[in-house]
Amino acid sequence: MPKKSVKVVKRPPRKSSIIPGPDEYNIPSDDFFDYYTVIHGTAGIGKSSLLASIPGCVIAQFEPARRNIKSRMVQFRPRTPIELQQGEENPYTKLLTLLEEAEQDQSVKVIGIDNIAECYKCVEYQYLFENELDEIPKNDFGACRGQVNRMFENIFNNLKYDSRLGVIFTCHTKEREGEFNTGTTDTAYSPAVPSAVFEYLKKAMDFAFYYGYHDQKRAIHCRWDCIWTKCGVDGRFMTPSGKPLQAFAIPDPAKGYETILKAWNNKLKGITGE
């Protein structure tokens, strides 16, 4: 008798799983400058000098040029929509070019944005320019403002997803109502930025420090009541005895890089004696 033919069902090759294996973990970087950080603080305290002390840092300077600081600096001058229509240099497209070139330049490790509030203003002006508007409409239920916010966030979220570069933002400080971990609301020192930028900082930053004076000494506050701060990596910025570091002195902003590294590696005592 003739043999029955057996139908062979070809199964598609099994796709490899996107789920990490039991021994595959995301390992946090040991380099502080791989992370996203905001440093807010007193005007003139030395935030720009601190950025300039970091090897491999290129500063996108949105404030008037710091001519007294030796640094790798690219100047960005905010331009109104009218100025952009007149053909003045566009700071928005210039920023995109800087980030693209920095990614290809192996000598660049960190981008400093000084300061983030002025950077946001450039994005807003670009949106107005592209849409032929004089100002953000107040009667569109926040639609245009939301698009500006997305333009701004996309710049740095794309960088965070796809880039090897760390980013440090700076801004000034102001008092605002804030909610603390205890569930209470009180006045706190926090970044002097538009509310949309502050919401972005709260979501995207790994670290948030306040740079100001403590007992007439320059100090970075990394954990402090009534100041908005954030330490997003466990086991870092601790005292040599293993306690959370609240604040540490910056004797010389020009050597701030060295001091921050010591604090990151838990080798500094705090200014409060902890």
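Biologist: What should I know before we start?
Modeller: The model is predicted, so local features need pLDDT of at least 70 and side-chain atom pairs count only at pLDDT 80 or more, while totals for chains, interfaces and linings use all residues. Residues are numbered from 1 along each chain as its sequence is written, and side-chain values use heavy atoms, with hydrogens and water left out.

Biologist: At what angle do H5 and H6 cross?
Modeller: Roughly 25°, and their axes come within 10 Å. H5 is residues 143-162 and H6 is residues 195-204. That makes H5 roughly parallel to H6. Angles under 35 degrees count as roughly parallel. Axes are lines fitted to C-alpha atoms, for helices over the stretch in contact, and angles run from 0 to 180 degrees between N-to-C directions. Helices are DSSP runs of H or I with at least four residues, and strands are E runs of at least two, numbered from the N terminus.

Biologist: Which residues in H5 meet H6?
Modeller: Asn-149, Phe-152, Glu-153, Phe-156, Asn-157 and Lys-160. On the H6 side are Ala-196, Val-197, Tyr-200, Lys-203 and Ala-204. Contact means heavy atoms within 4.5 Å.

Biologist: And how do H3 and H5 pack?
Modeller: At an angle of about 0°, with axes 12 Å apart. H3 covers residues 91-104. H3 and H5 are therefore roughly parallel to each other. Tyr-92, Leu-95, Leu-96, Leu-99 and Glu-103 in H3 meet Met-151, Ile-155, Phe-156, Leu-159 and Asp-162 in H5.

Biologist: New topic. How many aromatic pairs are in the whole structure?
Modeller: A search finds 22. Rings of Phe, Tyr and Trp (its six-membered ring) pair if their centres lie within 6.5 Å; planes under 30 degrees apart count as stacked, over 60 as edge-to-face and the rest as tilted. Tyr-36 and Phe-169 have ring centres 6.0 Å apart and planes at 70°, so this pair is edge-to-face.

Biologist: Where do those two sit in the chain?
Modeller: Tyr-36 is in strand S1 (residues 36-41) and Phe-169 is in strand S5 (residues 166-179). They are 133 residues apart.

Biologist: Are Tyr-36 and Phe-169 buried or exposed?
Modeller: Tyr-36 and Phe-169 are both buried. Buried means under 20% relative accessible area, exposed over 50%, partly exposed in between (1.4 Å probe, protein chains only).

Biologist: What about Phe-62 and Phe-76?
Modeller: They form a stacked pair, 4.7 Å centre to centre, with 20° between the planes. Phe-62 is buried, with a relative accessible area of 3%. Phe-76 counts as buried at 1%.

Definitions and conventions: Angles under 35 degrees count as roughly parallel, over 145 as roughly antiparallel, 65 to 115 as roughly perpendicular and the rest as oblique.
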